[in-house]
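Work through the exercises below with the coordinates open. Try each task before reading its solution.

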Amino acid sequence: MAPAIITLAADAPKLDTGSTAFILISAALVMVMTPGLAFFYGGMVRVKSALNMLMMSFISLGIITILWTLYGFSFAFDSGNGFLGGTDWLGMRDIGIAELWPGYGIPVYVFAVFQLMFAVITPALISGALADRVKFTAWSLFIALWATVVYFPVAHWVWASDGWLFKKGVIDFAGGTAVHINAGAAALGVILVIGKRNGFKKDPMRPHNLPLVMLGCGLLWFGWFGFNAGSWLGSDGVAAVAFINTQIATAAAMLGWLLYERLRHGSFTTLGAASGAVAGLVAITPSCGSVSPLGAIAVGVIAGVACAAAVGLKYRFNYDDSLDVVGVHMVGGIVGSLLIGFFATGGVGQTAKGVFYGGGWHQLGLQFIGVGSVLGYSLVCAAILAKLIDVTMGFRVTDDEEVTGVDQVLHAETAYDFAGVGSRSAASVPAGSSSDAAASKKVDA
Amino acid sequence: MKLITAVVKPHRLDEIKEALQAFGVHGLTVTEASGYGRQRGHTEVYRGAEYTVDLVPKIRIEILVDDADADQLIEVVVKAARTGKIGDGKVWSLPVDTAVRVRTGERGPDAL
């Protein structure tokens with residue numbers, strides 16, 4: 001890439017301070033989605049693995065940030081070929097402070113940090129499917145490998161100006177394919193390899209803390225405005241449409257899910273409200289720059305009902321998608337991506353028109369290509385990576401450790417100390433000075 | 001001495017405490033408990049998956065009393081705990097050999 005030339009060109013965009021400020025704030029908003037996701041998932045697991053669930057998201061903030069700096073940004077967004085970016089930005093060394101993202105009024109660093117937050121949350125999304133049963137070291141290695149082999153290239157396919165899906169005209173405004181289908185398909189690939197939790201379909205595994213789930217959902221909803229509106233990379237009317245569509249679709253999806261489960265199962269549940277909201281956020285992610293506000297209602301309702309129906313599939317087909325990453329993110333991402341082919345007005349951010357706006361079937365066909373290629377690639381790669389990890393170091397904890405609970409076994413902590421009874425203070429048991437030390441020495445995490 | 005144990009619905013605790021105070025009981029112990037009797041459990045639904053929850057939250061109240069007061073005290077507890085619906089709980093009493101007030105070392109009824 002030769003960005004210096006672009007900044008010198010006479011008609012090139014100048015630094016736009018409004019957009020720069022908005023995208024920096026959006027980056028911070030997207031960052032808070034990862035802790036939000038941690039709480040959303042953390043409240044849904046049983047009490048004995050709550051901390052592990054939080055950590056599976058938080059570790060992504062650590063690992064992926066470093067990988068992004070070293071090579072992720074370069075492989076994803078430097079100009080290369082249709083499938084992978086180049087190497088000019090390895091280590092983020094040769095980026096000028098004044099250098100602008102080609103075609104936009106924001107510095108490259110602003111784009112880099114905004115996209116970093118996407119790279120962080122995407123692997124974290126997968127964690128919900130693996131609840132209660134995987135080694136922390138295996139998970140950490142998995143997200144590093146998956147980000148390298150899958151996320152960085154796929155982000156290039158979808159968003160880089162020379163990415164093959166981008167050049168074809170596949171629309172993904174903020175990550176319906178690159179983030180949600182990508183993560184959902186990876187989750188499916190991994191759980192098909194590592195298998196079910198002990199007691200799946202037999203033991204009750206109800207959420208241990210629904211208020212935490214609601215808190216996480218609220219943080220996700222809040223952060224998602226940065227995720228979607230920020231993806232326009234400017235602060236103007238299109239960003240505003242993406243913003244308002246995000247709110248509308250999410251509201252519609254929450255109502256859709258709630259009505260579905262009231263009719264089907266008899267109650268309006270808290271978990272249903274949170275799940276419906278997230279399903280709507282997922283579905284409007286690719287489409288928020290293509291549809292009208294009324295179209296956003298349709299996208300939301302369809303996603304809410306489709307995802308509410310899809311989460312039951314794991315019982316029918318017997319795969320343990322513990323917290324419904326496939327049912328919500330993969331299905332929601334597919335719904336949102338394909339509905340662009342029907343509801344794109346051509347008058348918002350993108351010019352492509354869907355079936356209902358006289359555009360014919362062309363865009364829908366393109367969306368199918370986007371959905372199918374990302375889904376297939378991610379699922380296959382994730383399954384292979386999971387298998388490699390499983391046969392070398394082992395992906396899962398032992399059955400004993402799983403029953404005891406991964407919080408204690410992997411992290412040597414307990415989420416809640418309700419009574420303050422039963423644990424001696426550390427001072428009374430100096431590590432290594434008693435026979436306890438050998439017994440408490442933890443097995444390989 | 002007798003130990004009166006009552007396993008009752010959690011939301012009756014305040015009524016029971018007030019009734020016992022009016023009766024002149026100066027101390028009791030309350031623990032959160034779970035269990036079921038004829039009430040059995042209930043069904044919860046999470047994302048369409050139904051869970052049968054067998055054990056229902058209850059509270060267990062324990063009171064040490066003089067033999068003479070035992071029957072009357074049981075009546076007080078039962079009256080305060082009753083809602084008339086299934087799941088109101090049980091109250092029973094057991095004989096107690098001895099009791100010691102830890103601070104002073106007093107024994108028997110003096111320790112109450």
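**Exercise 1. The contact between the chains**

How many residues does the contact take from chain A, and how many from chain B?

Solution. Keep in mind that this is a predicted model. Step one: count each side. Chain A gives 14 residues and chain B gives six residues. Step two: locate the helices on the chain A side. Helices α9 (237–265) and α10 of chain A each supply at least two residues there. Step three: sort the side of chain A that touches chain B by class. It has four nonpolar, six polar and four charged residues.

**Exercise 2. Helix α10 of chain A**

Find the extent of helix α10 of chain A, then state why it counts as largely enclosed.

Solution. Step one: α10 of chain A covers residues 270–287, which is 18 residues. Step two: compare the spans. From first C-alpha to last the helix reaches 26 Å, close to the 26 Å expected at 1.5 Å a residue. Step three: check burial, where the cut-off is 20 or more other C-beta atoms within 10 Å. In α10(A), 16 of the 18 residues are buried, so the helix is largely enclosed by the rest of the structure.

**Exercise 3. The fold of chain A**

Solution. Step three: along the principal axes, its C-alpha trace spans about 75 × 55 × 35 Å. Step four: 56% of the 445 residues in chain A are buried.

An unreviewed UniProt entry lists residues 21–416 of chain A as "domain: Ammonium transporter AmtB-like". That span is 68% helix and 0% strand, and its end C-alpha atoms lie 40 Å apart.

**Exercise 4. The fold of chain B**

Solution. Step one: list the elements. Chain B has two helices and six strands, in the order β-α-β-β-β-β-α-β. Step two: apply the rule. Step three: its C-alpha atoms fill a box of roughly 60 × 25 × 20 Å along the principal axes. Step four: buried residues make up 19% of the 112 residues in chain B.

Definitions and conventions. Residues numbered from 1 in each chain as written. Chains lettered and ligands numbered in written order. Predicted model: local features only at pLDDT ≥ 70, side-chain atom pairs only at ≥ 80, totals over all residues. UniProt positions renumbered as here; feature names shortened; annotations may be inferred. Helix = DSSP H or I, 4+ residues; strand = E, 2+ residues; numbered from the N terminus. Expected span 1.5 Å × (residues − 1). Buried ≥ 20, exposed ≤ 12 C-beta atoms within 10 Å, placed from the backbone. Contact = placed C-beta atoms within 7 Å. Nonpolar A, V, L, I, M, F, W, Y, C, P; charged D, E, K, R; others polar.
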